[in-house]
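The sequence and the model are shown below.

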Amino acid sequence: MLIKIKNSWDLNENDVTSEAHYLSRRKFIRAAGVLGAGSAANLMIPNLGVSQEELMPGTNMYGGSELRDEQNTLDIITGYNNFYEFGTNKDDPVANAHTLITEPWSVTVDGHCDNPGVYSVEDLVDHSKLEERIYRMRCVEAWSMVIPWAGVSLSEVLNKVKPNSKAKYVYFETLVDKKQMPGQAGNVIKWPYREGLRMDEAMHPLTIMAVGLYGRKLANQNGAPLRLVVPWKYGFKGVKSIVKISFVERKPNTSWMRLAPNEYGFYANVNPKVPHPRWSQAKERRIGDFGRRKTLMFNGYGEQVAYLYDGMNLRRNF
Ligand code: MTE
């Protein structure tokens with residue numbers, strides 16, 4: 001049941017990564033073959049036929065253009081989080097998530113699939129296929145970050161359990177355990193935290209199941225041991241510390257839809273034209289930047305994903 005991330009991925013616990021350290025580490029990881037084919041600055045994303053440079057225009061691992069989207073540092077990414085199971089302030093998860101026990105960990109898969117059952121993390125996520133995906137992440141609260149995730153396409157995971165033709169949607173649930181997750185003592189949202197995707201969104205090669213970031217295992221506050229990452233949707237779709245995957249026919253109710261259906265829709269596509277009822281989504285503050293930048297439709301991934309929503313009214317389906 002232990003997560004077997006290759007040794008070359010593991011940095012010391014107290015080795016909070018500076019960008020310079022990470023980049024030199026990254027060269028080492030590439031030399032060790034962990035990241036797969038492609039040059040460090042321009043990794044090809046399997047199944048998608050595009051490079052990391054195309055996914056994140058301006059990304060340049062080794063310095064370069066003023067315009068590049070710089071990765072946020074590990075201490076920001078692990079220190080400024082939403083994970084309500086550990087409290088509702090941004091610095092609660094880093095302070096409280098040490099109580100989460102991530103090994104051993106099991107995930108129950110049920111519903112319309114050929115291989116339902118209880119799986120370990122490594123049953124579901126083939127660590128020899130881990131890739132780095134540097135993604136823009138946009139939170140509905142109008143801030144954003146750039147995060148170098150380590151994961152595999154969710155389609156790789158789902159293909160192992162073989163959803164059948166009745167599966168139209170998939171939903172994911174987080175662990176419920178008040179002892180490990182003190183924030184669950186209150187009813188700020190209805191536990192378990194639940195998020196879902198349409199099957200074509202789930203199978204899209206940009207959607208990943210992440211187990212690491214910055215070349216090391218996920219910190220508890222980022223959703224260890226495994227979490228969803230959907231870069232064209234608001235961050236709340238990225239359900240953390242997953243213990244259940246269910247294939248269903250009907251659109252599932254998700255945690256935020258249950259709590260405030262007028263504020264949070266099922267699709268949650270990043271859309272600068274559709275304001276949240278209480279604030280605009282036209283601009284965002286990249287954590288670490290001064291000032292605000294314009295938010296991009298589908299968070300900048302429109303070329304890859306816009307076709308999924310052809311013919312849909314994206315104001316009604318927010
Ligand atoms: N998953 C669970 N289980 N509980 C949560 O409160 N918050 C979501 C999402 N996943 C949340 C969750 C929200 S609102 C955001 S913005 C992202 O996690 C932020 O996580 P990250 O900064 O670690 O990526």
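## Charges over rings

In this predicted model, the charged end of Arg 136 is placed over the ring of Tyr 301, at 5.9 Å from the ring centre. The charged end of Lys 237 likewise sits over an aromatic ring, that of Phe 266, 4.3 Å from its centre.

## Aromatic pairs

The whole structure contains ten aromatic pairs. One of them joins Phe 236 and Tyr 264 in an edge-to-face arrangement, with 5.4 Å from centre to centre and 80° between the planes. Phe 236 belongs to the loop between β12 (227–229) and β13 (242–248), and Tyr 264 to the loop between α8 (255–259) and β14 (283–286), so the pair ties together parts that lie 28 residues apart in sequence. Phe 236 is buried, at 10% relative accessibility, and Tyr 264 is buried at 9%.

The pair of Tyr 267 and Tyr 309 is edge-to-face because the planes of the rings stand at 85°, with the centres 6.0 Å apart. This pair links distant parts of the chain, 42 residues apart: Tyr 267 lies in the loop between α8 and β14, and Tyr 309 in the segment after α9 (302–305). Both residues are buried. Tyr 267 and Tyr 309 also belong to one aromatic cluster with Tyr 169, Phe 266 and Phe 298.

Gln 180 is found in the loop between β8 (169–174) and β9 (194–198). Its relative accessible area is 14%, so Gln 180 counts as buried.

The side chain of Gln 180 reaches the backbone nitrogen of Ile 101 at 2.7 Å. Beyond its neighbours within four places in sequence, Gln 180 is in contact with Phe 86, Thr 99, Leu 100, Ile 101 and Leu 175.

Notes. Residues numbered from 1 in each chain as written. Predicted model: local features only at pLDDT ≥ 70, side-chain atom pairs only at ≥ 80, totals over all residues. Heavy atoms only, no water. Helix = DSSP H or I, 4+ residues; strand = E, 2+ residues; numbered from the N terminus. Buried < 20%, exposed > 50% of the residue type's maximum accessible area, 1.4 Å probe, protein only. Polar contact = N/O pair within 3.5 Å; in protein donor to acceptor, adjacent residues only side chain to side chain. Contact = heavy atoms within 4.5 Å. Phe/Tyr/Trp six-rings, centres within 6.5 Å; stacked < 30°, edge-to-face > 60°. Lys NZ or Arg CZ within 6 Å of the ring centre and 35° of its normal.
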